[in-house]
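Dear colleague,

I am passing a structure on to you, and below it I have set out what was found. Please look through the sequence and the structure before reading on.

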Amino acid sequence: MDIMDEKQITIMDENGNERIMEILFTYEHPERKKKYVFLYEKDNPEEVIAMEYNDNGELFEIESEEEYEEVEEVFNAFNEDGFEEEEN
């Protein structure tokens, strides 16, 4: 599965419940060659989560604090760019 071709994916939360998530955007780290996806639930768009994914579409939690901080910076830049576009 190419995650970039999907608009929604289903994930299992920590309680074993299925959550249908919308894909906000994907990002590939140029040096690490890792891919990340930013997801949200349609009913709760303010809560965005980021996960790593591979070429098979398998999702993984981000475990390294350094990696999480880098991904958070990408998300913040995405938000800033989006707000700038809306203001113009």
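Does Glu 52 count as buried or exposed, and why? Before the answer, please keep in mind that this is a predicted model. Glu 52 has a relative accessibility of 17%, and because residues under 20% are classed as buried, Glu 52 counts as buried.

As for its setting, Glu 52 belongs to strand 4, which covers residues 44-53. Leaving aside residues up to four places away in sequence, Glu 52 touches Lys 34, Lys 35, Tyr 36, Glu 58, Leu 59, Phe 60, Ile 62 and Glu 67.

Turning to the chain as a whole, there are five strands and one helix, and read along the sequence they follow the pattern β-β-β-β-β-α. Of the 88 residues in the chain, 27% are buried. The chain exposes about 6600 Å², of which carbon and sulfur atoms supply 41%.

Together with Glu 65, Glu 69 and Glu 73, Glu 72 forms a patch of negative charge on the surface.

Key:
Residues numbered from 1 in each chain as written. Predicted model: local features only at pLDDT ≥ 70, side-chain atom pairs only at ≥ 80, totals over all residues. Heavy atoms only, no water. Helix = DSSP H or I, 4+ residues; strand = E, 2+ residues; numbered from the N terminus. Buried < 20%, exposed > 50% of the residue type's maximum accessible area, 1.4 Å probe, protein only. Contact = heavy atoms within 4.5 Å. Areas by Shrake-Rupley, 256 points an atom, 1.4 Å probe, with all protein chains shown as cover. Patch = residues over 30% accessible without salt bridge, like charges linked within 9 Å, V, L, I, M, F, W, Y side chains within 5 Å. Salt bridge = Lys/Arg side-chain N within 4 Å of Asp/Glu carboxyl O. Lys, Arg positive; Asp, Glu negative; His and termini not counted. Charge placed at Lys NZ, Arg CZ, Asp CG, Glu CD.
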